[in-house]
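Hi,

Here is the structure I promised to pass on. Have a look at it first, and then read my notes below.

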Amino acid sequence: MTPPPHPALRLSDRIAELLADPADAPVAWTSRPQWRQSLAHGAPGIGLLHIERAAAGRGSWEPARAWLAVAAGVPITSGADSYLYYGAPAFAHTLACAAQARPGSYRRALTHLDQVVADDAVRRSEEALARIDRGEFPALAEFDTIRGLAGVGAVLLRRAPNGRAIRRVLTYLVRLTESVKHDGELLPGWWTADSPSGKPDRRFPHGHANNGLAHGIAGPLALLALALRRGVEVEGQHAAIRTVLAWLERWRDRHVWPYWITSAHLTGPDRRPLAPQRPSWCYGTAGVARAQQLAALALGDPRLRHQAESALATALLDPLAIAATTDVSACHGYAGLAHIAHRAAANASPRNAARLRAATALLLDTTHPPGTDPDEQARRLLASVGPAFLDGAAGTALALLSPASGTTPATRWDACLLTS
């Protein structure tokens, strides 16, 4: 028996209603550069909200169509300046969700985008493999979820799982996990010379290894696992997954992973317990543990699955960790955590599923406290953070839909988070 919807569903509905008509969007939003092509901050992300609502029977198709028209209103960027959250891959992901909601639609546009994304992915993979052969460090944007090949691979896995492009991406990601020797020190292949911002920073004089799902190795881990679960496998894929898992296990402190590892961690004294940190999708336990759970499911490893699910539930039920979370966004807030907990519970053992469902309920209560006026909260949220998908109101509304209604996403919109 399906439980009654949580009141947070009303907040999701009200945000969507306020974002129904692109003509009502303030110039302060629409005048921002790249507005039309940004899944993270612009029209495609808002369109994704309305596509999912229409597919789930909670809204009409007209707002989705209107926002897709805005996104398609300019030439779509491809090549080096495009990635999962901007340009051709971003629009391809949004249109793929639309086509799932309305089978047979957007065929011509998707056929063109599929070819563009595949060609760019093969080119980027070949460049990345050549970089590995030269013994150079990668940039985060080479491999991560937001800007890199792990994110582009999510589009390919959905649209062309039997194609050459996804196999080249996976082959590259396998190579990425090979250790490299630098100045006599053995480093993971995803070690970057830059800081977490992707730029040189004197606070990271020797670079770092990033663990996050948005910008670190958890993104490639999730894609490798999701591909394996779909039967898409290249040579060395199992070993690559195990290599990343061993790295994460090395640095796990109870139910917490550090956001990144520096050379000081590698050569310094024994680690102390980590201070409470937010367990978000982008960085922290929620993203890493979901990637681990997906890897465990792909490998058929019940011990690892239990460990990942337990870490996630423990983090989300830890008052100190939750107190470190300060907003309701999909990227690093309560709504995103509720969505991940809800997704993970569907794949979890009975005991861990119960804990994750309890965490989901608490997170929904935190996102939309009992007695809160959804209209007032929605308007306040839009005024303070804007309509964005990743860190704004549209993403909050979208992330709340499934956990608040107790359903499974209708369109796999969250493939762009590499959580499914």
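Keep in mind that this is a predicted model. Let's start with a pair of helices. Helix 10 (residues 218-229) packs with helix 11 (residues 237-251) at an angle of about 140 degrees, and their axes are 10 Å apart. Angles over 145 degrees would count as roughly antiparallel, so this angle makes helix 10 oblique to helix 11. The crossing of the two is left-handed.

If you want to find where they touch, look at L221, L224, A225, A227 and L228 on the helix 10 side. Across from them, helix 11 brings in Q237, H238, A240, I241, V244, L245 and L248. Sorted by class, this contact has 10 nonpolar residues, 2 polar ones and no charged ones.

Next, the inside of the protein. In soluble globular proteins, nonpolar side chains tend to be buried together. Here, the largest nonpolar core has 142 residues. Which residues have the most contacts inside it? They are Y85, L156, Y172, W281, F389 and L390. The helix that gives the most to this core is helix 6 (residues 107-134), with 10 residues.

Last, a quick stop at S31. You'll find S31 in the loop between helix 2 (27-30) and helix 3 (43-55). Is S31 buried or exposed? Its relative accessible area is 51%, and the cut-off for exposed is over 50%, so S31 counts as exposed. As for distance, S31 and R159 are 128 residues apart in sequence, and 32 Å separates them in space, C-alpha to C-alpha.

Cheers

Technical notes. Residues numbered from 1 in each chain as written. Predicted model: local features only at pLDDT ≥ 70, side-chain atom pairs only at ≥ 80, totals over all residues. Heavy atoms only, no water. Core = buried A, V, L, I, M, F, W, Y, C linked by side-chain atoms within 4.5 Å. Buried < 20%, exposed > 50% of the residue type's maximum accessible area, 1.4 Å probe, protein only. Helix = DSSP H or I, 4+ residues; strand = E, 2+ residues; numbered from the N terminus. Axes fitted to C-alpha atoms, helices over the stretch in contact; angles between N-to-C directions. Parallel < 35°, antiparallel > 145°, perpendicular 65-115°, else oblique. Left-handed = near helix turned anticlockwise from the far one by under 90°. Contact = heavy atoms within 4.5 Å. Nonpolar A, V, L, I, M, F, W, Y, C, P; charged D, E, K, R; others polar.
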